[in-house]
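Here are my notes from a look through this structure.

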Amino acid sequence: MDSNLIELGYVSGAFGIKGMVKLKVYCHPQDSILFSQKECYLSLLNQRNSETKKLTIQQIKLHGDEIICQFEGINDRDAAQALRGYTVQVARDDFPETDDETFYWVDLIGCDVFYANEEQDERLFAGPESQEFEEIDPIAEALTYMGKVRTVSENGVHAILHVCPEVELADGQKDFKRTPKGQYVDQLIPFVRQRVPYVDLQTAVIITDIPPEN
């Protein structure tokens, strides 16, 4: 699959008899960027090497906690049901632009997270919340490295960063640290301006005032 394609959800089944499908998305349905798109891409779930379908969106609307969509060329229930299990992707380049205070989760994943202690936090971020900060070098500022953003979730109020340290494997590759039972060693950071005052996607650096747990 093209690395520029971002998975937003999957086809959960057919809807009605005229070829519409139900889409289950990984965010609040009303917030899905699918509503701003004219086309999207489908591929078989867990088959990343399969051929990707590019489909035109003819109609799209909310239906409870799912989205109902009509694709061009999908005209009956059998054709719609045949798409069940396909993942839905959109090109990252086609995402709507956001303001400086809004971030897509996919852009936060993989960022390096650093902790600024009270003295560092006051020195770097003293001033009004609307202040624009210059680029910060976390190494030069001697900030504490916490790990990378492994994934992002939400609690109904705000997003939560799952920050996890990496370890080097026997083959030299890196992976996120796990417990002996295989669970990720995540520290959860609320993604709110008061606790995460600095995000620089150009350098993939995030700074928080929440100290490391370990």
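**Hairpin and its strands**

I began with the hairpin of S8 and S9, which has four residues between the strands, and found Gly 156 there with a positive phi near 95°. I was working on a predicted model, where local features need pLDDT of at least 70, side-chain atom pairs count only at pLDDT 80 or more, and totals for chains, interfaces and linings use all residues. Residues are numbered from 1 along each chain as its sequence is written, and side-chain values use heavy atoms, with hydrogens and water left out.

Strands here are DSSP E runs of at least two residues, numbered from the N terminus, and two of them pair if DSSP finds at least two bridges between them. I saw S8 (residues 144-154) pair with S9 in the antiparallel sense over six bridges, with Glu 154 opposite Ala 159. S9 also runs antiparallel to S12 (residues 187-190), joined by four bridges, and His 162 stands opposite Leu 188.

Next I checked burial (buried is under 20% relative accessible area, exposed over 50%, partly exposed in between; 1.4 Å probe, protein chains only). Six of the six residues of S9 (residues 159-164) are buried, so the strand is largely enclosed by the rest of the structure.

**Around Tyr 184**

I found Arg 150 over the face of Tyr 184, at 3.9 Å from the ring centre; the rule asks for NZ of Lys or CZ of Arg within 6 Å of the centre and within 35 degrees of the ring normal. Tyr 184 itself is partly exposed, with a relative accessible area of 32%.
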